[in-house]
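Please read them with the structure open.

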Amino acid sequence: MGFADFFKKKSSGSMAKDRLKLVLVSDRANCSPEIMEQMKNDIIMVISKYVEIDAEGLDIKITQTESEGNNGTVPALFANIPIKDLRTNIKYKD
Amino acid sequence: MGEVIVITSGKGGVGKTTTTANVGTGLAKLDKKVVLIDTDIGLRNLDVVLGLENRIVYNLVDVIEGNCRIKQAIIKDKRYPNLYLLPSAQTRDKTSVTPEQMKKLADELREEFDYILMDCPAGIEQGFKNAIAGADSALVVTTPEVSAVRDADRIIGLLEANDLKNTHLIVNRLRQDMVKKGDMMSADDVVEILAIDLIGVVPDDENVVISTNQGEPLVGNDTLAGQAYMNICHRVIGEEVPLLDLNIKGGFMSRLTSMFKKY
């Protein structure tokens, strides 16, 4: 990255690279948007049993992450799930 | 025994035919006996890029269907004694040929030629399957754009699935000035994403358009693209050649700035 890049926003070349890396992970995993949607719904169902979550704000995606064992990258499921209310606490009181 | 190489990309318009014409001509200049096969049935183009469009009598489909012998259909390029073209049919479609027939044809040509280059059509359908059927190795052409790289990744996956493990990457139409500004992925970026071996980088050079207009491949002349293609040919025959310096303006200031950009 060049010196000038400190003062401006991310270059379009590195944006292209980052976007490609993401899209290729799901391409290679043969994971269609429908499957992702199903998985998302199932995750919502399971987690909703225990805590109240904001289903609208839920975001899941498959990304690359550094593997701990060998020094390469491996695909990882990344889920950002905003919790509205920790229902578990209420349950324990009963 | 000759080697069968398929030139493929997935996406259209990234330079498969230009690459086939230039690598083929370059190999012929290196004293290899080369035949180029245009497998893009229905969209014949390699003949015009090579400037051989007026010499076609028979075509690929005629050979497959047995309307003529292979020798009758293959055109000898008079400018290069080792270069031959088997043109595609213009008025037929991809279903006129099967992968088995292509494999048989490739195996027959192996006896006669050092290199058989298959110019693959865009896409991943029948035409692609025909083109890769008899191939020993593949040259995957891409440009440093998201669409082309994504399609190249798909193609690499399909080649692997078809047991074509010997694949090399050509990054075509690279603009070094844009790479320097950070507005284009570098060849290294593309290699990192696709994770296959690089065999050459061809700069975006207006001389390619001029040479295509003239029907005369520019491989081996003193243009940057001409040198880049010749380097690829040397690597295809197994020689080690350092990557071409694509910086056109080699003045003091540009070298100074590129020093700073590196870090």
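Is the crossing in which α7(B) passes α9(B) left-handed or right-handed? Point 2 gives the answer.

1. This is a predicted model, in which local features need pLDDT of at least 70, side-chain atom pairs count only at pLDDT 80 or more, and totals for chains, interfaces and linings use all residues. Residues are numbered from 1 along each chain as its sequence is written, while chains are lettered from A and ligands numbered from 1 in the order in which they are written.

2. α7(B) passes α9(B) in a right-handed crossing (the near helix is turned clockwise from the far one by less than a right angle). Helices here are DSSP runs of H or I with at least four residues, numbered from the N terminus.

3. The axes of α7 (residues 146-161) and α9 (residues 187-194) of chain B come within 10 Å and cross at roughly 40 degrees. Axes are lines fitted to C-alpha atoms over the stretch in contact, and angles run from 0 to 180 degrees between N-to-C directions.

4. From α7(B), B:Val149, B:Ala152, B:Asp153 and B:Ile156 meet B:Val190, B:Ile193 and B:Leu194 of α9(B) (contact means C-beta atoms, placed from the backbone, within 7 Å).

5. In α10 (residues 206-214) of chain B, B:Val208, B:Ser211 and B:Thr212 are buried (20 or more other C-beta atoms within 10 Å of the residue's own; exposed means 12 or fewer). On the other side of α10(B), the exposed residues include B:Glu206 and B:Gln214.

Note on methods: Helices (H or I, at least four residues) and strands (E, at least two) are DSSP runs, numbered from the N terminus. Two residues are in contact if their C-beta atoms, placed from the backbone, lie within 7 Å.
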